[in-house]
Amino acid sequence: MPMTTELVPVLDRGFVQYVSHMGDDLTVANAARVSFNKVSEKFVDKDAKLIQYLAKHNHWTPFAHPQITLRVKAPISIRTQLFKHKQGFVENEISRRYVSDEPAIYNPRWRSSPTNGAKQGSEDFLECGDNYNTCNTVYDMAIREAIIAYNTLLARGVAPEQARFVLPQGTYTEWWWTGSLAAYARVCKLRSDSHAQWEVQQYADAIGKVVSNLFPVSWQALVPK
């Protein structure tokens, strides 16, 4: 079983970190077998075949019994996308009502805007050059001003719960995220898709690296490569 220090880096300052889990691949198989009042004491080939059958035919409830807790650090806008997944999850997030340490900010690799009339998404990464450097300069200036404003408001006695309003969407936040195996599989199938935002794809991949070590047979059946 992984130690609580196991951590998968994501983006420039983010991560997905294992905290704890309950159950294993045998838990999934036995949750399905209870229909016949049967149980396996040791995981064998027939259990793997049963798991593959369950995933193929969308019998998802046996995959909802195992639980995984992760600690995640991500930019606020990416956290918002991940928090859209509610079924099977509970989260507790760091609150800037109570903490006022210096915010960490995501430094993105710029991508071009979407083409063909698309309202969301992006194209390829922009090439380095004058245009790219200008984008960096504008972003850095905005971030610097936001951090100065945040610290000034705190220094002037403004409550942290209000001072945080000035912080940008690129500010990193952290949370504990507990969900079922089925719920995490649903997140990764949707957010690792090529149409998902590139940054959130990186978090889906990191989640997959952690969870696949805990439930290798179930994860391969639920989220095939």
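Predicted model: local features only at pLDDT ≥ 70, side-chain atom pairs only at ≥ 80, totals over all residues.
Residues are numbered from 1 along each chain as its sequence is written, and side-chain values use heavy atoms, with hydrogens and water left out. Local features need pLDDT of at least 70 and side-chain atom pairs count only at pLDDT 80 or more, whereas totals for chains, interfaces and linings use all residues.

Strands and helices are DSSP runs numbered from the N terminus (strands E, at least two residues; helices H or I, at least four), and two strands pair if DSSP finds at least two bridges between them. Strand E1 (residues 7–10) pairs with strand E2 (residues 14–22) in the antiparallel sense over 4 bridges, and Val10 stands opposite Gly14 in E2. The two strands E1 and E2 form a hairpin with 3 residues between them, and Leu11 in the turn has a positive phi of about 55°. E2 also pairs in the antiparallel sense with strand E3 (residues 67–75), over 7 bridges, with Val72 in E3 as the bridge partner of Val16.

The loop between strand E4 (89–93) and helix H4 (130–155) holds Ile94, and Arg96 is placed in the loop between E4 and H4 as well. With a relative accessible area of 38%, Ile94 is partly exposed, whereas Arg96, at 13%, is buried; buried means under 20% relative accessible area, exposed over 50%, and partly exposed in between (1.4 Å probe, protein chains only). The side chain of Arg96 reaches the backbone oxygen of Asp101 at 2.9 Å.

Technical notes:
Polar contact = N/O pair within 3.5 Å; in protein donor to acceptor, adjacent residues only side chain to side chain.
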